[in-house]
Amino acid sequence: MSAAEVAARIAGAPRLVVLDDDPTGTQTVADVPVLTSWTVDDLRWALRQDSAAFFVLTNTRSLSPEDAAARNREVVRALHAAAAAEGTGYVLASRGDSTLRGHFPLETDVLAEELTGLDGKAPDGVVLVPAYIEAGRLTVGANHWMRTADGLLPVGMSEFARDATFGYRSSSLPEWVEEKTGGRVPADEVLCVTLDDLRGGGPAHTARLLSSLRGGRTAVVDAVCDDDLRVLALALAQAEENGTRLLYRVGPSFVRARAGQAGRAPLTRAELRPLRGNAPHGLIVVGSHVALTTRQLDRLRERGGIAEYELDVALLLDEERRDAHIAEVAAAAAGALDSADAVIRTSRVLVTGVDADGSLAISRRVSAALVQAVRQVNATRRPAFVVAKGGITSSDTATHGLEIRRAWARGTLLPGIVSLWEPVDGPAAGIPYIVFAGNVGGADALADALDLLRSA
């Protein structure tokens, strides 16, 4: 099954619009538009581009449930108006974390309500496909796994399942759906599309299964490679052509398959060279606190060539000392860019609130401090590039720190995990922006990406 077959099948089909709850969903695609703003004009611009899909960065994983719901409603209403103005259709995907963190089922519930209200046709089903092939997040027998140095681990046993805001217990996707819906959707009512269905039955059989969905029923789909997802993409095209209306809740790999794209090799030095800014050195912003990010920072230090500055979370939560601390760190980082790549990172000890909402509030406050520091650095000394490490960090840095509204995701620096955006407007135009999730890559990934940027 080839990407070209999918591309031919979806030619002329409604556009896939991906509402991305942080910027890392772009890590499997190339030459795809990205919006961080959802005015009707911005959405019309994206709909006019020659691309089977585009991303709208909602950054809802950093928001409270109430704010996340409101943002989803805003986007869909503006999208509906933009699509009507352009005379085109669309299909919605809610892109969530491949380790199952995020506002589910809230986001798909809200999208279903909005679609029903806008045109009177409720979605027949919600298709859950969290696989992220390149990062080793795989689904087999409706159980979700993550690859580690010690082998495959049920995702419910990972550090991500202990997330202070979005934690969970289940690795079985039907049981996870029951857990997250508070029992509203029993596990035994979830449709499981297995590898046998995809590989043995093929697109026609899988389309019949998906066409059986009614009343917003949830389906979960196995996937261990791109071919599995391409069969699914062909099946979805058939089911939708037959009148089934579906919502997607997906990981990054689904988007590439559904958009008819083949996996591409990472960007080469020759491809990076015209994108790189003229300054001698770049800025690396690290907000992610997971253990993998700390290991990656350690390797980056070992290779050298960086000047490192810490934003102390305790000081960031102190109203009287916060602004002075940020200004001091930003000034030092800007001064270092003449002779080294500057790293601004948060302190490595995780500070959490008394509950999930409190933890989210602390995360937002810390991210706002990173944004403030980035704006001050860029105003003083434009870097050659900006690397942002962590989901909330990369979203806020793009939207508020660099004020990007429209960009193109041009490809990856490492296979399937580090996305480069080319901003097309705002203060960041001409500065390549690199989105690096906190929970992917090996220990050397951050250092490898920086070496490639340095050599371009």
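Reader: Which residues does Asp396 touch, not counting those up to four places away in sequence?
Author: Asp396 touches Asn59, Ser367, Val371 and Gly401, where contact means heavy atoms within 4.5 Å. This is a predicted model, in which local features need pLDDT of at least 70, side-chain atom pairs count only at pLDDT 80 or more, and totals for chains, interfaces and linings use all residues. Residues are numbered from 1 along each chain as its sequence is written, and side-chain values use heavy atoms, with hydrogens and water left out.

Reader: With which side chain does the side chain of Asp396 make a polar contact?
Author: Its partner is the side chain of Asn59, at 3.0 Å. A polar contact is a pair of N or O atoms within 3.5 Å; within protein, one must be able to donate a hydrogen and the other to accept it, and residues adjacent in sequence count only if both atoms are side-chain atoms.

Reader: Turning to the helix, where is Asp396 found?
Author: Asp396 lies in helix H14, residues 391-401; helices are DSSP runs of H or I, at least four residues, and strands are runs of E, at least two, numbered from the N terminus.

Reader: Why is H14 largely enclosed?
Author: Eight of its eleven residues are buried, so the rest of the structure largely encloses H14. Buried means under 20% relative accessible area, with a 1.4 Å probe and protein chains only.

Reader: What follows H14?
Author: Glu403 follows, with a positive phi near 55°.

Key: Buried means under 20% relative accessible area, exposed over 50%, partly exposed in between (1.4 Å probe, protein chains only).
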